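Let's take a walk through this structure together. Please keep the sequence and the 3D view open as you read.

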Amino acid sequence: MIFDSLKNKDNYKYFPALYHALNYLDSLPDWELPAPNVVLDEDRLFCNLVTFTSKPEEQCLYEAHRNYIDVHFIVSGVERIATADIGSLTPANPYAPEKDIEFLTGSADGCYELKPGRFMVCFPGDAHKVAMMKDGPAEVRKIVFKIKMEG
């Protein structure tokens, strides 16, 4: 898992797909919102805008992926994201290979507050509980990138 600021994007130049995603973000004027389903690298790197109202932690589930890395970038609002090792959690639903997602329950190893300009990278094995509110429900807009794992 990586938690960082877009201003540090050059630290990731040796991770080509992640660096491509961060440069794309940095190229958006004032983090202008992308069109739906932007494909940056066919079958390897794409992104979507996600808008939601944050909610209490007890209403959220962990999610994990096996074939894709998630990159969460906050455009507006504040989102709390809890993380945990997938091996320490209990499946809430079976893994859905067609959507590359599994939902889980359990305790957090850490919790992070994402604000505009911050991003979080969650690798397979990094379960993440998203959409959690800080002080109360709030509208959050973020860009979520999916990076296909090689191999």
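What follows moves from confidence to the sheet, then to ring pairs and a few individual residues.

This is a predicted model, in which local features need pLDDT of at least 70 and side-chain atom pairs count only at pLDDT 80 or more, while totals for chains, interfaces and linings use all residues. Residues are numbered from 1 along each chain as its sequence is written, and side-chain values use heavy atoms, with hydrogens and water left out.

The mean pLDDT (the predictor's confidence in each residue, from 0 to 100) is 93 for the protein, and 98% of its residues reach 70 or more. Confidence is lowest in strand S2 (residues 38–41), with a mean of 90, and highest in S4, at 97. Helices (H or I, at least four residues) and strands (E, at least two) are DSSP runs, numbered from the N terminus.

Now look for the open sheet, where six strands follow the order S7-S8-S4-S11-S6-S9 with antiparallel pairing; two strands pair if DSSP finds at least two bridges between them. Strand S7 (90–91) and strand S9 (110–114) each have a single partner strand, so one side of each lacks a neighbour in the sheet. S9 is joined to strand S6 (residues 79–85) by five bridges, and Ile81 has Tyr112 in S9 as its bridge partner.

Turning to the rings, the whole structure holds four aromatic pairs (ring centres of Phe, Tyr or the six-membered ring of Trp within 6.5 Å; planes under 30 degrees apart are stacked, over 60 edge-to-face, the rest tilted). Tyr12 sits in the loop between strand S1 (2–5) and helix H1 (16–27), and Phe119 in strand S10 (residues 118–122), 107 residues apart. Tyr24 and Phe145 are also edge-to-face, because their centres are 6.2 Å apart and their planes lie at 85°. Since Tyr24 belongs to helix H1 and Phe145 to strand S12 (residues 139–148), this pair ties together parts 121 residues apart in sequence. Phe145 is buried, at 0% relative accessible area (buried is under 20%, exposed over 50%, partly exposed in between, with a 1.4 Å probe and protein chains only).

Finally, consider backbone angles: most residues other than glycine have a negative phi. Asp43, in the loop between S2 and S3, has a positive phi near 65° and is exposed at 61%. Ala131, in strand S11 (residues 126–132), has a positive phi of about 70°, yet is buried at 11%.
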